[in-house]
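Here are some notes to read beside the model. Please keep the structure open as you go through the points.

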Amino acid sequence: MCHINDNYLYLMKKNNLVTGLTFPSSLKNFKRNFCESCALAKSTRVGPSRTPQVRVQPTEISKPIISHTSKPKIKYQVKNRSLFKKWSMDFKGPIRNMYILIFTDSTNDTESEGASRLRFCYFLKYKSDTLTFIIKFVNQLETLLSTNNIISEFIILKSDNGGEFTSNECKKIYEHKHINVQLTSPHTPHQNGIAERSNRTVAEMALSIMLEANIPFYLFPWAFRASIYVLNRLTCTTLHFQSVPLYWIDRKICDISHFRTIGCDVYANLNDTERDSFGVRAKKGIFLGYSDQSMHIFT
Ligand SMILES: [Zn+2]
C-alpha cells in the first residue's frame, strides 16, 4: 500500500489503528516482500557507523491505552493541552518548475498530548507566492481545529532562514495571525530536521508510486497529493505505532477501506449529459489517488 514499510502495516493491523485494512495472508504468516520501486526510489548511501542513539520513551501521559477487543477501540487519557501547535515547513523542489511546500506537525509529544505528524502540501509556481500559501495553510488549519473543537492557543511555524519566509510581508502576517516563528541558522538544514525528513518521506513515496504505476512524470503533483493523503492515515515511529495522524483531529478510528492501488484501471460513471442514449455508460481511466473531496482519475 503506497510502498510503506510492511512492518508498519502489520502493526496497524495488530494494534487495530484503522478499519478496512486487510492482508492477503494471515498475520502469523506475514512476510515482507521485495519491492523494486522502493529499491529504486529509496536507495540511500550507508554513512559512517555511529553510536546507536537511545530513543527516549514517551511519557505515560502521551501513551495511548489500547483495548484489545474485537472492535477497534483506543482509549486515550485526554488532557486539555494544545494540539497541532508547532509546524515545520520547507520546500521540495523545484520539480519541473514547481515547488512543493509541505507543512508537518512537529509538535513534540512531551509538549502536547499528541504528536500527530499530520501533513499538508501546496504547489507553488514561484517561491514569491509563499506568503499566500502560508495564509491558506493557517486558515485551513484554524477551520479544521475549530470544527473539531480543538483549542489552538497559538501556532509556531518553524522554517529555514530563506527569504521567502522572512520577508516584511511575512512578518506582518505572523504578527496579525499571532504566529510565533522559529528560524534555523543559515546553512543548517539539520536544525529543521523534521521538515527535511518529512519531505523526503513524501517524495520517496510519490516516486515509488509513480515507478510502480508507470505514471507519466508530469503528473507528479497527484502522486504527492496521494502520498500526503495516505501518510495522514498511517502510523509511524513518532506515534509509537499507537495511532495515525488523523486520529488526533476527530478522535475516531480511521477507515481506509477505500484505498486502492494507484495506477489501477478505473471506470468512471458518465451521467446522462455525457453520453448518448446508446453510448457506453462509463469511461476508462487510471486511478491517480485521492483528495479529501474526491478521487483523481487520469483519462
Ligand atoms: Zn514499494
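1. Start with a term. Helices and strands here are DSSP runs, a helix having at least four residues and a strand at least two, and both are numbered from the N terminus. Arg251 shows the use of this: its place is in the loop between H8 and strand S9 (254–255). Keep in mind that this is a predicted model.

2. Now the overall picture. The protein chain holds 8 helices and 12 strands. Of its 299 residues, 28% are buried. Take the contacts in the chain with a separation of 6 or more: 61% of them join residues 24 or more positions apart.

3. Next, a helix pair. Two packed helices are described by the angle between their axes and the distance between the axes. Helix H6 (residues 193–213) packs on helix H7 (residues 220–231) at about 120°, and their axes are 8 Å apart. Roughly perpendicular ends at 115 degrees and roughly antiparallel begins over 145. H6 and H7 are therefore oblique to each other. Their crossing is right-handed.

4. Who makes this contact? H6 brings Val202, Met205, Ala206, Ile209 and Met210. H7 brings Phe220, Ala223, Phe224, Ala226, Ser227, Ile228 and Leu231. By type, the residues of the contact of H6 with H7 are 11 nonpolar, 1 polar and no charged.

5. Compare a second pair. Helix H3 (residues 130–147) and helix H5 (residues 168–176) pack at about 15°, with axes 10 Å apart. Angles under 35 degrees count as roughly parallel. So H3 and H5 are roughly parallel to each other. This crossing is right-handed. Leu131, Ile134 and Ile135 of H3 meet Glu169, Cys170 and Ile173 of H5. The residues of this contact are 5 nonpolar, no polar and 1 charged.

6. Look inside. In soluble globular proteins, nonpolar side chains tend to be buried together. Here the largest nonpolar core has 46 residues. Val202, Ala206, Ile209, Ala223, Phe224 and Ala226 have the most contacts inside it. Several elements supply at least two residues each, among them strand S4 (86–95), strand S5 (98–105), H3 and H7. Which helix gives the most to this core? H6 does, with 9 residues.

7. Val202 is then in contact with Ile102, Arg119, Phe224, Ser227, Ile228 and Leu231.

8. Is Tyr290 buried or exposed? Tyr290 sits in strand S11. The cut-off for buried is 20 or more other C-beta atoms within 10 Å. Tyr290 has 20, so Tyr290 is buried. Tyr290 and Tyr229 are 61 residues apart along the chain, yet their C-alpha atoms are separated by 6.7 Å.

9. Check the backbone. Most residues other than glycine have a negative phi, and most peptide bonds are trans. The peptide bond from Gly93 to Pro94 is cis, with omega near 10°. Pro94 has its place in strand S4.

10. Last, two positive phi values. Asn149, in the loop between H3 and S7, has phi near 55°. Asn149 is exposed, because 7 other C-beta atoms lie within 10 Å and the limit for exposed is 12 or fewer. Arg251 also has a positive phi, near 55°. Arg251 is partly exposed, with 14 other C-beta atoms within 10 Å.

Terms used:
Residues are numbered from 1 along each chain as its sequence is written. This is a predicted model: local features need pLDDT of at least 70, side-chain atom pairs count only at pLDDT 80 or more; totals for chains, interfaces and linings use all residues. Axes are lines fitted to C-alpha atoms, for helices over the stretch in contact, and angles run from 0 to 180 degrees between N-to-C directions. Angles under 35 degrees count as roughly parallel, over 145 as roughly antiparallel, 65 to 115 as roughly perpendicular and the rest as oblique. A crossing is left-handed if the near helix is turned anticlockwise from the far one by less than a right angle, and right-handed if clockwise. Two residues are in contact if their C-beta atoms, placed from the backbone, lie within 7 Å. Ala, Val, Leu, Ile, Met, Phe, Trp, Tyr, Cys and Pro count as nonpolar, Asp, Glu, Lys and Arg as charged, and the others, Gly among them, as polar. A nonpolar core is a set of buried Ala, Val, Leu, Ile, Met, Phe, Trp, Tyr and Cys residues joined through C-beta atoms within 7 Å. Lists of a residue's contacts leave out its neighbours within four places in sequence.
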